[in-house]
Amino acid sequence: MPATTHAQIDWDDQGRPHSRQYDDVYFSKNEGVAETEHVFLEQNRLRERFADLAPNACLVIGETGFGTGMNFYCAWQLFAEQAHPEARLQFVSVEKYPLTREDLARAVQLWPDLAPYWQPLLEQYMAVHGGFQQFTFDGGRVTLTLLVGDVLEQLPQLDAPIDAWFLDGFAPAKNPDMWTPELFAQLARLSRPSTSLATFTTTGWVRRGLIAAGFAMRKVPGIGKKWEVMHGEFQGWPAEQPLPPGIAPWYARPALPQGPRHALVIGAGLAGSATAASLATRGWQVSVLERHDAPAREASGNPQGVLYLKLSAHGTALSQMILAGFGYTRRWLQRLQPGQAWDACGVLQLAFDDQEAQRQAKLADAFDSSLLQVLDQAQAEAVAGVALPAGGLFYPEGGWVHPPALCQAQLHHPNIRLLAHHEVIELRKADDQWQAWDGERLLASAPVVVLAGAAEVRRFDACAALPLKRIRGQITRLPATEASRALRTVVCAEGYVAPPRGDEHTLGASFDFHNDDLTPTTAEHQGNLALLEEISTDLAQRLHTAALDPEQLQGRAAFRCTSPDYLPIVGPVADAQAFAEAYAVLAKDARQVPDTPCPWLDGLYVNSGHGSRGLITAPLCGELVAAWVCGEPLPVPRAVAEACHPNRFALRRLIRGK
């Protein structure tokens, strides 16, 4: 998981960018937009292909070299002009050196006619860090996924059916690493017969390399100073080339659901609301079944949740998920009203002991300063606005969110129907439809159902073996004082305290593995006040906590739901007994990969186990579920999707002989 290095740019006297890293221009001086239209749009026949898209169909463009985004803006413009209103565009692009927001804002001024397409990107262009970063536009009709990092590190992690390639990037002579047989093999891996490709270069070794990878290439007249350009189609994997490594059958995609695009989502917390929104924007009619009277009544109902990134310096699957999810959530929040719904006030994690200080120093070495910064005590106090016992790690793009507001916003879609007071006791399958029953009463039915009810998903037979555990947490609500309003950022140690939302601060949260009673207790209020003392005695004094009666304090308790490896559980669900039988050989030899299709429970998916990170992971996991359901590009690296897959636990049990 690379630290982000931004593009180093020089500007000419007409405001055009020049890459210092590659000593090359981003686009032709005189024919920039016209060149994009001729080379990439016309040679991939996108005008006709967009016009031919059926309602709810999706065309996927892959690109090497996002640069200033010109190709994306032009493709989106043509899509908007030609495609059916219910068709969708997915644009996946790799960029090793993304522009800073300031440089991007300066570059796009050269194309005022494309403002309807670059302005939405500028509005969301934040938290663009290493790895997969997804953006959604036009009500979800257009998706951009930036793969930030080296192309030969990022493309092998991509799971996406590409329909058309824009092979861009700086000229082969300036950037030979972008034009290699290894890259061409990745293009072929992600292509299917009839996938098209276009590129501005006709360099001989590039043409020969693409042909060797299975593309039939031909030169065609160019534009301006480019006498010739190339385009072609993928013919299939060359017989003389070894096949790329296959996907294990227990992680291979299930068949796409057939029939009407109707889905049930069980649970209206963060995971359920996000999943419903992601399906609804893809044209699905979604019924959300919630046992309470409104969304976000359980763990998603706290008044303030923190966008807190607990990262590893080693690029683990969890860290990759957190970094991708943080960016996605942060961009989603731009749609909400700041103040009551969320606040981009930053998050400060105190270095409360030597071990934590050492961990923070490693993170500072591994990540860009736009993501996190080490502050000494004086700097931390200046940021926080109150006295603190130590410095720490500051996440300037973090903040707090009112989770119910996020859930309500996600559920506010014409394709979503919220059914409150609908408690699903049992699922049955009949005539390719999943039926949700509350006993003797049929509540709803659809070909697809997503279980998003935290640990309650285990009440259904298909998920009964998932090792989810509930952890009780209690928050304390403290009335703000004039002096406490000096707090300007979320501050975390063993607990956390947030700047006020309205007239109160949120303080928490306790951890209790053994209590199933959700009645707030005085003892845990006292524990939370002790956590506040550790964070800042100054703030505790400003809040007059010594004068407060713990028995009179207000708060709420809820269950976090987490998995043993702290990763969420997201993806299609298999028949547990049939799975154990199909892959029993793994108990004898874990290296075996039987050529046996996974016994999926067709149309059944789960999105659960987000623990205390739901604000960061649940929205992106809604996109992950929708990508599984619709056969679209996965919004996270394939290895991360596999690490979050429900089948991982059944595999481990088989391998360990249990």
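Student: Which loop holds Ala127?
Tutor: Heads-up: this is a predicted model, where local features need pLDDT of at least 70, side-chain atom pairs count only at pLDDT 80 or more, and totals for chains, interfaces and linings use all residues. Residues are numbered from 1 along each chain as its sequence is written, and side-chain values use heavy atoms, with hydrogens and water left out. Helices (H or I, at least four residues) and strands (E, at least two) are DSSP runs, numbered from the N terminus. Ala127 lies in the loop between helix H5 (115–124) and strand S6 (131–137).

Student: Is Ala127 buried or exposed?
Tutor: Its phi is near 50°, a positive value in a residue other than glycine. The relative accessible area of Ala127 is 1%. Under 20% is buried, over 50% exposed, and in between partly exposed (1.4 Å probe, protein chains only), so Ala127 is buried.

Student: What is the phi of Ala296?
Tutor: Ala296 sits in the loop between strand S13 (285–289) and strand S14 (305–306), and at 5% relative accessibility Ala296 is buried. Ala296 isn't glycine, yet its phi is positive, near 55°.

Student: Which strands stand at the edges of the open three-stranded sheet?
Tutor: The order is S1-S2-S3, with antiparallel pairing (a pair needs at least two DSSP bridges). Each edge strand has a single partner, so one side is left without a neighbour in the sheet. Those strands are S1 (9–11) and S3 (24–25).

Student: Which residue is the bridge partner of Leu427 in S22?
Tutor: S21 (residues 426–430) and S22 (residues 433–437) pair antiparallel over five bridges. They form a hairpin with two residues between them. Across from Leu427, the partner is Ala436.
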